[in-house]
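Here's a friendly walk through one protein model. Keep the picture open while you read, and find each piece as we get to it.

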Amino acid sequence: MPAQMQDPEYVKGAFAEIADRYVVTNHVLSMGVDVLWRRRVASMVRDFLGRGRAGRVLDVATGTGDLALETQKKCPDASVVGADFCEPMLEKARGRGLRETVVADALDLPFADGEFDAVTVGFGLRNMADWGGGLREMSRVLRPGGMLAVLDFSLPRGRLLRRVYRAYLHRVLPRMAGAMTGKRDAYEYLGGTIERFPSGEGMCALIAESGFVDPVARALSGGIASIYSAARAGG
Ligand SMILES: C[S@@+](CC[C@H](N)C(=O)[O-])C[C@H]1O[C@@H](n2cnc3c(N)ncnc32)[C@H](O)[C@@H]1O
């Protein structure tokens with residue numbers, strides 16, 4: 001498959017099938033650190049909006065709402081909208097307390113230009129058919145100066161950790177996740193998408209080409225995941 005050709009129908013179907021077990025599987029496979037990573041993004045949003053300030057936040061590819069729910073908790077005065085094109089995942093998000101959800105394709109968001117103060121996306125951009133297109137849509141719906149935060153897996157820089165991580169990703173994870181969800185192929189797909197997805201400077205360059213300024217990359221847990229933040233141009 002060419003670098004950016006994640007098939008949307010495959011992605012939607014794969015997440016619909018694992019929606020019931022997605023949250024638990026994630027926590028087991030990451031040994032719980034995924035929760036801390038999302039909390040860090042939610043804190044960045046809170047610091048950007050300012051404590052106690054109302055604001056409008058969009059979580060793109062929200063899935064079961066994990067990141068949107070953390071943001072809702074940390075920013076109780078903000079209105080947090082979770083958007084995803086997979087309704088079974090959104091149903092879980094609503095059941096877990098996410099107040100606003102919208103069925104929407106990230107590449108064609110049903111929101112007005114500049115409607116949001118902050119846009120987040122956790123483990124979602126990597127699954128899109130067009131990464132630049134997804135980022136440009138996020139830029140369009142952000143107000144000038146608004147904050148973007150992208151959380152996703154990346155490959156560690158250190159050679160030894162990279163080798164261990166790759167062995168886990170391609171050998172251990174599909175087996176464990178396959179046993180937990182019955183969908184081993186969805187987790188073989190996961191390892192492939194992580195290998196193809198840009199990280200570090202490559203991702204910062206893509207963000208800068210897509211309507212943002214001042215991109216910053218923060219490596220998490222030795223670089224197995226990263227948070228990228230940037231400001232919508234024109235602020
Ligand atoms: C790995 S889950 C991430 C869920 C959540 N953000 C989290 O932090 O766990 C990826 C989600 O991206 C969604 N997704 C992928 N491509 C999308 C697109 N083009 N438009 C909307 N949602 C998309 C999938 O349906 C899935 O729910």
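## Before we start

Helices (H or I, at least four residues) and strands (E, at least two) are DSSP runs, numbered from the N terminus.

What you're looking at is a predicted model, where local features need pLDDT of at least 70 and side-chain atom pairs count only at pLDDT 80 or more, while totals for chains, interfaces and linings use all residues. Residues are numbered from 1 along each chain as its sequence is written.

## The sheet

Let's begin with the strands. Seven of them form an open sheet in the order β3-β2-β1-β4-β5-β7-β6, and the pairing is mixed. (Two strands pair if DSSP finds at least two bridges between them.) β3 (100–103) and β6 (212–220) sit at the edges with a single partner strand each, so one side of each has no neighbour in the sheet. From one strand to the next, the twist averages 20°; angles like this run from 0 to 180 degrees between N-to-C directions, and axes are lines fitted to C-alpha atoms, for helices over the stretch in contact.

β2 (residues 79–84) runs parallel to β3, and four bridges join the two. Val81 has Glu100 in β3 as its bridge partner. Over at β6, helix α9 (residues 201–208) lies across β6 and β7 (225–232), at about 155° to β6.

## Around α7

How do α7 and α8 pass each other? α7 (residues 159–181) and α8 (residues 184–196) pack at about 150°, with their axes 8 Å apart. That makes the two roughly antiparallel (over 145 degrees; under 35 is roughly parallel, 65 to 115 roughly perpendicular and the rest oblique). Their crossing is right-handed.

On the α7 side, Leu169, His170, Leu173, Pro174, Ala177 and Gly178 meet Arg184, Tyr187, Glu188, Gly191 and Ile194 of α8; residues are in contact if their C-beta atoms, placed from the backbone, lie within 7 Å. This contact of α7 with α8 has six nonpolar, three polar and two charged residues. (Ala, Val, Leu, Ile, Met, Phe, Trp, Tyr, Cys and Pro count as nonpolar, Asp, Glu, Lys and Arg as charged, and the others, Gly among them, as polar.)

α7 also packs with α2 (residues 22–29), at about 150° and with the axes 11 Å apart. This crossing of α2 and α7 is right-handed. Thr25, Val28 and Leu29 of α2 meet Leu173, Met176, Ala177, Met180 and Thr181 of α7. That gives six nonpolar residues, two polar and no charged ones.

## α3 meets α4

The axes of α3 (residues 33–49) and α4 come within 8 Å and cross at roughly 45°. The two helices are therefore oblique to each other, and the crossing is right-handed. α3 brings residues including Arg38, Arg39 and Arg46, and α4 brings Asp66, Glu70 and Lys74 among them. By class, the α3 contact with α4 has four nonpolar, two polar and six charged residues.

## The ligand's surroundings

How many residues surround the ligand? There are 21, and the closest are Ala61, Gly63, Cys86, Ala106 and Gly122; here a residue is near if its C-beta atom, placed from the backbone, lies within 6 Å.

α1 (8–18) and α4 (66–74) each supply at least two residues of this shell. The largest share, four residues, comes from α1. Sorted by class, the shell has 12 nonpolar, five polar and four charged residues.

Technical notes: Contact = placed C-beta atoms within 7 Å. Left-handed = near helix turned anticlockwise from the far one by under 90°.
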